[in-house]
Each structure stands twice: as structure tokens, then as C-alpha cells.
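Visitor: I have a model open and some quick things to ask about it. Can we go through them one by one?
Guide: Go ahead.

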Amino acid sequence: MAKGSPGITVLDGDVREPDRVLDGIAGTTDLARPAGLLLGSLLHFSPPDEAQDMVARYGAALAAGSYLVVSAARMESSGADGGYGEYSKSVTPVYNHSAADFARFLAPLELVPPGIVDARRWHPWLDGLAAAQSRDAYMLAAVARVSR
């Protein structure tokens, strides 16, 4: 069911079912016009091939001039496999996608600077902090523009 105000649509659905979600969006939003779609904090719940397919299907449904925002949890430490493995066993499977994975997910869309980075780099007031305080665990984020 779609909820929202003019210009904003929120859907109750499973992001892993793009056709169903896009049908819901189409009932409230003109997908022939540029729009923004947020897939925030979601991609780490899908294996790489499924995440790539999901991003491709949503990206293909958006009009030129639209933006797609994606993010996923990322760990760089040697303990990442153990941490992700424990969470996967007790809650739900999670995947530690790399920046290279994100680049594949977002091809052929046009990356917006600063590209695929720690999400803190998207906040100018936190950019210096992100550079000064690197972390083993963070949110990997990117914004891509549909430009076909």
C-alpha cells in the first residue's frame, strides 16, 4: 500500500520483488518523469548477483535524470567474516559487498561524486571526520544518475 504526500511515496513491500514494488510506485508516481529511489541499508541482505539484478531492474524502470541511492553495511577488518557469519546464522544472511561490487551493481548508471565511499563522505561537515577516523565497519554508499 502506498502512502505519502505529493512528491514522496512510501511503499510497504519487499524490495527483493522489484516488479511488485514498481507496480505499487507506478500507481502513485509517474515513472516517465525523473525521480529519486532510495535503496538504503538494504543491499547487504542480498547476495551479489541478486543485489546487482535488483539495482539493474530498479534503475531500468527510472526515467533519465532520475537518481538511485544505495548503501550497505561494510566491514574491512579480519573479523568481518566472523561477524557477518554470526549475524547470518542467528538473524538473516548478510553479505560484505565491496566498492568493486557496488561498481558492478551500478553499471551502467553514472556515479555522482564522491562516488562509492563511506556514507559519512556524503555529508560535507563529516567528510574530514570520515578521513581522519577510518573505521573497520561503516556504511558503503553511492548515488547514481540514470542518463540513458
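Visitor: Which residue does Arg-16 form a salt bridge with?
Guide: This is a predicted model. In it, Arg-16 pairs with Asp-14, and the closest N and O atoms are 2.8 Å apart.

Visitor: Is Arg-16 buried or exposed?
Guide: Arg-16 counts as exposed, at 53% relative accessibility. Asp-14 is partly exposed, at 25%.

Visitor: How many salt bridges does a search of the whole structure find?
Guide: Six. One of them joins Asp-53 and Arg-57, with the closest N and O atoms 3.4 Å apart. Those two residues both lie in helix α2, four residues apart, which is about one turn of the helix. Asp-53 is partly exposed at 38%, and Arg-57 is partly exposed at 30%. Shared partners link Asp-19, Asp-53 and Arg-57 into one salt-bridge network.

Visitor: And Arg-120 and Asp-118, buried or exposed?
Guide: Both are buried. Their side chains meet in a salt bridge at 2.9 Å, N to O.

Visitor: Switching to α4. Which of its residues are buried?
Guide: Asp-101, Phe-102, Phe-105 and Leu-106. They sit on the same side of α4, because they cover an arc of only 125° around the axis.

Visitor: What do they pack against?
Guide: Against α2, β4, β5 and β7. Phe-102 has contacts beyond its sequence neighbours that include Leu-43, Val-70, Ile-116 and Leu-140.

Visitor: Which residues touch the most other members of the largest nonpolar core?
Guide: Leu-43, Val-55, Tyr-58, Leu-68, Val-70, Phe-102 and Leu-106, out of 25 residues in that core. Elements supplying at least two residues each include α1, β3 and α4.

Definitions and conventions
Residues numbered from 1 in each chain as written. Predicted model: local features only at pLDDT ≥ 70, side-chain atom pairs only at ≥ 80, totals over all residues. Heavy atoms only, no water. Buried < 20%, exposed > 50% of the residue type's maximum accessible area, 1.4 Å probe, protein only. Arc of directions from axis to C-beta. Contact = heavy atoms within 4.5 Å. Core = buried A, V, L, I, M, F, W, Y, C linked by side-chain atoms within 4.5 Å. Salt bridge = Lys/Arg side-chain N within 4 Å of Asp/Glu carboxyl O. Lists of a residue's contacts leave out its neighbours within four places in sequence.
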